[in-house]
Amino acid sequence: MGHTLLCVLGLFLLNTLLYGHAEESEAILEVPHFTMFEGDSVTLRCRHRTPGNEMKASFIKDGSPLKMETNHPSLSLVEMTINPVSVSDGGTYKCKFDDGAESEERELKVEVRNRVDVILQPNWPQIFRGETITLSCEIQDVGDTEWEYEWRTPSSETPPQHKEYRISRATESHSGDYSCKGRRDYLLTQWSDVITLTVSADRPKPTLTADKTIIPVRGAVTLSCSVEGSADWKYYWFSRTSRSSGAQRLRDGGADKAIRVSQGGLYHCRGGRGDPETFTRDSDTVTIQKTVSNRAVVTLQPNWLQIFSGEKFTVRCEIQGGGDTKWTYEWTPAKLNRPPTDNEYRISRATVSHSGDYSCKGRRDSYSSTEWSDVITLTVSSQRPKAELSADRRDFPAGGSVTLSCSVNLSSGWKYFWYRGEKTSEPLNTQDAVFISDGQISVSQGGLYWCRGGRGDPVYYTEDSDAVGIDKIIPNRAVVTLQPNWSEIYSGETITLRCEIKNGGDTEWEYEWKTTSSYKPLKDSEYRIKYAYLSHSGDYSCKGRRDSYSSTELSDVITLTVSSQRPKAELSADRRDFPAGGSVTLSCSVNLSSGWKYFWYRGEKTSEPLNTQDAVFISDGQISVSQGGLYWCRGGRGDPVYYTEHSNAVSINKIIPNRAVVTLQPNWSEIYSGETITLRCEIKDGGDTEWEYEWETTSSYKPLKDSEYRIRSAYSSHSGDYSCKGRMKSAQQTSTDWSDPVKLTVSYNRPQPVLTVSPSWLSPGASVTLSCRVKDPSAGWRFFWFKAVPKLSGNYYDQELLPGSSNGTEQDSYIVHGQTHTAGYKCRAGRGDPVYYTSYSEPKFVWSADFHSSASLTVSPDRVQHFTSDSVSLSCEGNSTEWRVRRFTKDRYLSYSSYCSYWGTMTGSTCSINSNQQSDAVYWCESGSGEFSNAVNITKQNEHIILVSPVRPVTEGDPVSLSCKLKREKLVSDVFFYRNDKLIQNDSRRELNISAVLKSDEGFYKCQHSGEESAQSWMSVKVSRPESSSVPVPLIVGLVCGIVLILLLLLLYRYRPSKDSCSIRPIQSESTNRGSAENYSSPVHVAAGDAPLYETIKGFENTQSVADESQDFTYSLIELKNIGKKKKRHEPEEVCVYSEVNAGTAGKSPPAAANETVYSEVKPGTALGL
């Protein structure tokens, strides 16, 4: 029992010593106190002080939870094992149970064990049998510690237990892996890395090499000795003067692997290493030759460049500066080295096998020799050469001579032998010829000559040359003639070539022909070609031979040309048409040839040729005929007759008096691409005659032989002149003359009409006149009228047909009644069947200042005049979410640049005008639903002062305020206000306020401040709709007319002629009786100094108004002329008189009835004739 307690107590103390723990914490972490080494296994234990239910614990290293699997948990203990442990596992650890119990931190130390290495001395990669080596076990960082060593070896012997393991004499059994480890007390190192020892059974054999095997004159050779796969060798060098002599050591063992030697001989080496020293085997022997300074030269006797099979020659080797030395000789090719080797190689009969390169050298002893001589190339030809004989000419005149030359190509050393006549004859001598030089003689006799060459001893002859015939020329002359003598011959014709000898006498001649054609004439004087072919074409010449070597010279060349194609006659007429009683001259010819007779035909080709009864034969190749018809001709020549091809037929027409006329339907001056037109050919006074028709045109299309040529879709290529004629079907060669041409012009571009509208500005309910103009208004156009519909997506205008315009109108104008708002219009024209339409016109607009809810435009700031630096915005409102803003400037041109995106910024339904893009213009809105807003007139001002006036018409009875605005300063003095250049306010008030505006307040307004004056702006006043009146309309109209008449008489009386005049200029309404009082595109200005007169006459009014009545304004211009005596005649003075008449109606008026304001302008003038 006591022992048991002691054991328990001992284990407790050991556990405390190994792991340690603190009594204060609920959890205890047990970690070894001593240092662990890499590769060991360590277990960490986490113990709970209060055993209870099974719980899990987690381990935390350096503050981070470990993702490691723990051992199976128990009631109070959790373990984690690390196997093997590494240095990175070292650190501070703690553990924690699920119930929150946590241990204190403990440190785990891990280090690397002492490293052990096996060292080999000497450190050779390969060991050979018998060598001594030592293996040493080295432990790093051992200090003074005493270690015990343990070895693992492949040997069966018991290894030592100390640091070194010495092998005195290595054998193959020592090959294998060696490792060791150290032991000290309770510490044990790991096993060292394995070192592998390889012991070879055979001693190594070194390799001896030389950078070259021949020592040059005054040079040396480098020898290199090496032992492959091992190291630390010392090298020993040996030489011998012969294979039978003993080896002499040149140098004792040293580390140098190479030596330089300058003597010839036999060399070898060996290596040695270690202590005691172990030697390799001897290397193979290397033979080194020494080159002496003497020079070897190969000579050839005889020295010919080319040798022929059967010839004799000698090759010699000469040693320059050889003195009395006894030399032995070596030759290439090797077949010449036959002991004993001589300096001369004699070939008695050469064959092809002797061809090749020859060189030699001289040897003074076994290891001393000259360099090889330069190569001499010997070529032996298997074939016997053939001499070549040439003559400077083959013919020579009497008393002359010929020079003959003989040669053998590509060889030399030849003598030449000459022969005449038979080959068995003796060679020529100095009596037969003049020997000019070796290979050249001169002869003065005709005959057959040849030659041959010979050289060497014995003489070697060439083949005989080809024979050369030499002719002696006699004075007779040969001439070639051609019968018939035509410049060109055609395939199939018969011709004869003759060779004639001038002054030939009774001599019997043989004839020789020379030609470049494919046919060789026989040796006759005449060469007859019965049927010529193209292959007979060529040059022909001839000569006559009196005997074998006497002849005439060759005749001059005559050239024969044979055409493969049969020629075709050409027929022409001085005219094709002739009147009754007239005639036509026909001409027939065959180009580039002669000797032809001509045959004439009329009608069918099978008919008989014409005779003197059918035509007048003017000359050969020309006749005169007086009958219409189809004529042709052909030529013929030779015996038998050779005919040409028939000419092309020529039609001769007899002209009748009937007249052809071309008409164009429809007869428009200009046709457009795509239109349908018809050309007709009409024969005047044609009666019942049946006609065929011929057309002539400069266009790209040829009409058929019909009286009518219908063009369903015209193109520009149809443009041109058209004329026609009629031909009687009963008499094909009887026809009318050509008609006068009709010019047809087809324009490629589709025409675009021009639309004008009047007026440009509307009074509510006024009529609008549209006028459509095309390039040729009288050319059968009908006009189609459209309302322009804005399409915002594509920045263009679609169109809707206006009422009554579906079939077009004959008139080029169209009246739109009851137009109240701004609108755009288009037109186009159409004509023909099927209808051809022009392009649509550009849209034109009529503007209205009338404001309506479906589409309206407001301006901010709300005034007409703006400074150029002002920010002006235009806002569109109405029954749409999509808008665009356009403007019409004073250049009166609409384009893509008229959209807001080009001169401003469109944001939603608002357009902000760029300050540098402001312009005097009319502005309006267009909606995505196709509606137009009211139009406004906006002007830009570069001055420092502007008039602030309403941009839209004001309604009669409403208050209105006008003011003056400076560009930068505030108003500091009185402001002057003018209406129609008449001062109407001049006081301290800086605004012109009208509490209830009247129609009479309408006009041009401007302001003035401190000497600066604004531009004028028109203020328009809309008359409010009056209540209905019981006064009858005729009564009102009569009353108005009476008042106007009285007013005019008063004006005639009160005013006299003035020098100046003033006028109100509506935009475009002068062509109608009604104009617009709300004229915004051309503000009306009154010249300074004029005195405009406004008088207002109001008609009867009733308290009741008709809801649908409208107001019209009429401007009348009356010119007043002053009638006086001639002697006191004054220049007429003009004055503007404006009368405003407000006409009311009595009783209920129909909707068409309207109140009218009548303005009358009176201009004084002179009476006609006074």
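Which two cysteines form a disulfide with their sulfur atoms 2.0 Å apart, one of them being Cys 681? The partner of Cys 681 is Cys 724, and this pair opens the notes below.

Before we start, please keep in mind that this is a predicted model, in which local features need pLDDT of at least 70, side-chain atom pairs count only at pLDDT 80 or more, and totals for chains, interfaces and linings use all residues. Residues are numbered from 1 along each chain as its sequence is written, and side-chain values use heavy atoms, with hydrogens and water left out.

1. The link of Cys 681 and Cys 724 is right-handed, with 85 degrees about the S-S bond. It connects distant parts of the chain, 43 residues apart: Cys 681 lies in strand β66 (residues 677–683) and Cys 724 in strand β69 (residues 720–728). Strands here are DSSP runs (E, at least two residues), numbered from the N terminus. Cys 681 counts as buried because its relative accessibility is 4%, and Cys 724 does so at 0%. Buried means under 20% relative accessible area, exposed over 50%, and partly exposed in between (1.4 Å probe, protein chains only).

2. Searching the whole structure gives twelve disulfides, each a pair of cysteine sulfur atoms within 2.5 Å. Another one joins Cys 137 to Cys 180, with the sulfur atoms 1.9 Å apart. Its S-S torsion is about 85 degrees, so this disulfide is right-handed. Cys 137 sits in strand β12 (residues 133–139) and Cys 180 in strand β15 (residues 176–184), 43 residues apart.

3. Cys 225 and Cys 269 also form a disulfide, with 2.0 Å between their sulfur atoms. The torsion about the S-S bond is about 80 degrees, so the link is right-handed.

4. Five bridges join β31 to the antiparallel strand β33 (residues 356–365); strands pair if DSSP finds at least two bridges between them. Glu 330 stands opposite Lys 361 of β33.

5. Finally, have a look at Tyr 519, which is in the loop between β49 (510–515) and β50 (526–529). Tyr 519 is partly exposed, since its relative accessible area is 35%.

Terms used: Helices (H or I, at least four residues) and strands (E, at least two) are DSSP runs, numbered from the N terminus.
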